[in-house]
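This report describes how the chains are built and where their parts meet.

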Amino acid sequence: MIILAIESSCDETSASVIKEDSGVLDIASNIVSSQIDIHKKYGGVVPEVAARHHVKNIIPVISEAMEEAGITKDDIDLIAVTSGPGLITSLIVGVESAKSLGVAWGIPVLQVNHMYAHLAANFLNNDIKFPAIALVVSGGHTELILINGHDNFKKIGQTLDDAAGEAFDKVGKMLGLEYPGGPIISKRALEGDSARFSLPRPMIGSGDYNFSFSGLKTAVLYKLKEIDILNEQDVNDMCASFQQAAVDVLVKKTIKAAQSVGAKTIFMAGGVAANKKLREDLSVSAKDSSFEFFVPEFKYCTDNAAMIGIAAYHLLKEKMPDLDNWKNIKADPGWELE
Amino acid sequence: MKIITKSEKETYNFAREFAMQLAGGETICMVGDLGSGKTAFSKGLASGLGVDKIITSPTFVLMKNYEAKNGSIDKFAHIDAYRLSDANDLEAIGATDYINDDNCITAIEWADRVRDIWPKDCIEIDFKHLDGDQREINIKK
């Protein structure tokens, strides 16, 4: 089976070709056209600007993905596309392009949930033992998901205010760092002392699986107000202290959730899963507590179409979705995993 | 009207009471720095409007929409203009539909960045961070 996957939920335009042979998946291509440089000056993604670039990029990106995979339209069995959650103006471009190609080529279209796809990136030729606990961390999400099968999942906890990635971006902005804050804070933290500033670990002992990062951000603000002129070392130390506080809460709550539900496996997904410190600390803690641990390769952590294709393959295999009414698929910006 | 709250919880409770006095169709324009109480106020507002979902930050997606249950008010639109420099982007995602809806309460954080979108009869609320956990909340009609 050959799947053409399309992703345009935020600021990356991406297309991928997945080839499946006897249950083994091969990512034949995964083209990502990023707009990060375009949105840098705004400190975040601007929907109208993003949509215009998606419109411009989407067909060239799809062509390139097909060319690199060495396929033509006649080889494709299914088109998979992200239809939510995300920015409405960005999602529409991918969804309508997928449907147009579906009509023109006579190929069915399957809609895929973007957050499910982040999780599914871990399924790529891994034999996952269920139940599993997944920590989903990105600019817009921080959630703990209980997974009982490839298509059976339930949200058991979430942030009550800011997403972890958003806290990184906002602290980055307070420190005068470039957007996006995550990668720069992670880099500056390597030169910093994580014990220099004492910051809270919000909700670390709350007894549930929820998170809060708004208060941590405010605590950083208070500490910064105490310093008159911030030097480079102060910035590095704050990056290290803040990152450690955020990572501590994420790791502790994930391990506790896994223990409470009797999970066999822990995995991580979403853009913040690319954070090195978080990968290291969660990996060590998971192994210490005898859980199997998976995290996707860096290139499959940030938004990409390969994960949409992997998710589509598992949905097809496990759930046998209805493919008759695909012409009615609509972009759904608020499509949350229940 | 100006009040001073001594904790996040007090800000939340004040907003909850405030929400119950709204008739529907109001736009609340919140102005204040990071950590000055806008998020706590928004959460209280939503609770007072009978929203039963968890209110999470709309910074990333710019607008989140919720179902409300308080008399004729059946929608709560939570907008965050933190990343924006003008109102065009809010119009692109359909924010004006909610602002002009009589059955919707619209709350805009960082509203000073999108003054073009403020309706004439909006309620402006300024937030100030005083010492420690104290916040000054100034409601201007």
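## Strand pairing in chain B

Two strands count as paired if DSSP finds at least two bridges between them. The model is predicted, and the pairing described here is computed from it.

Strand S6 (residues 123–129) of chain B and S7(B) are antiparallel and share six bridges. One of the bridge pairs is B:Ile125 with B:Ile139 in S7(B). S6(B) and S7(B) make a hairpin, with five residues between them. In the turn, B:Gly132 has a positive phi of about 55°. Strand S7 (residues 135–140) of chain B also pairs with strand S1 (residues 2–5) of chain B, again in the antiparallel sense, over four bridges. There, B:Lys2 stands opposite B:Asn138 in S7(B).

## The sheet of chain A

Chain A has an open sheet of five strands with mixed pairing, in the order S3-S2-S1-S4-S5. At its edges are strand S3 (24–34) and strand S5 (109–113) of chain A, each of which pairs on one side only. On average, neighbouring strands of this sheet are turned by 20° against each other, direction ignored.

Within this sheet, strand S1 (residues 2–7) of chain A runs antiparallel to strand S2 (residues 12–21) of chain A, and six bridges join them. A:Ile3 has A:Ile18 in S2(A) as its bridge partner.

Two helices are described against the sheet. Helix H3 (residues 88–105) of chain A lies across S1, strand S4 (78–84) and S5 of chain A, and runs at about 155° to S4(A). Helix H10 (residues 306–319) of chain A packs on the sheet and touches S1, S2, S3, S4 and S5 of chain A. The direction of H10(A) makes about 130° with that of S1(A).

## The two domains of chain A

Chain A is divided into domain 1 (2–120 + 301–328) and domain 2 (129–295). The C-alpha centres of domain 1 and domain 2 of chain A lie 28 Å apart. Contact between the domains involves 12 residues of domain 1 of chain A and 17 residues of domain 2 of chain A.

On the domain 1 side, the elements that give two or more residues are helix H4 (114–120) and H10 of chain A. H10(A) provides the largest share of that side, four residues. The residues of that side of domain 1 of chain A divide into four nonpolar, five polar and three charged.

## Packing of H5 and H7 in chain A

How do helix H5 and helix H7 of chain A lie against each other? The axes of helix H5 (residues 164–174) and helix H7 (residues 214–225) of chain A come within 10 Å and cross at roughly 15°. H5(A) is therefore roughly parallel to H7(A), a term that covers angles under 35 degrees. The crossing of H5(A) with H7(A) is right-handed.

From H5(A), the residues in the contact are A:Ala167, A:Lys170, A:Val171 and A:Met174. They meet A:Leu216, A:Lys217, A:Val220, A:Leu221 and A:Leu224 in H7(A). The contact of H5(A) with H7(A) divides into seven nonpolar, no polar and two charged residues.

## Where chain A meets chain B

Between the chains, 26 residues of chain A are in contact with 16 residues of chain B. On the chain A side, the elements that give two or more residues are helix H2 (47–69), H3, H5 and H7 of chain A. H7(A) gives the most to this side, with four residues. The residues of the side of chain A that touches chain B divide into 10 nonpolar, 10 polar and six charged.

How values were computed: Residues numbered from 1 in each chain as written. Chains lettered and ligands numbered in written order. Predicted model: local features only at pLDDT ≥ 70, side-chain atom pairs only at ≥ 80, totals over all residues. Axes fitted to C-alpha atoms, helices over the stretch in contact; angles between N-to-C directions. Contact = placed C-beta atoms within 7 Å. Domains from an automatic or database assignment. Nonpolar A, V, L, I, M, F, W, Y, C, P; charged D, E, K, R; others polar. Parallel < 35°, antiparallel > 145°, perpendicular 65-115°, else oblique. Left-handed = near helix turned anticlockwise from the far one by under 90°.
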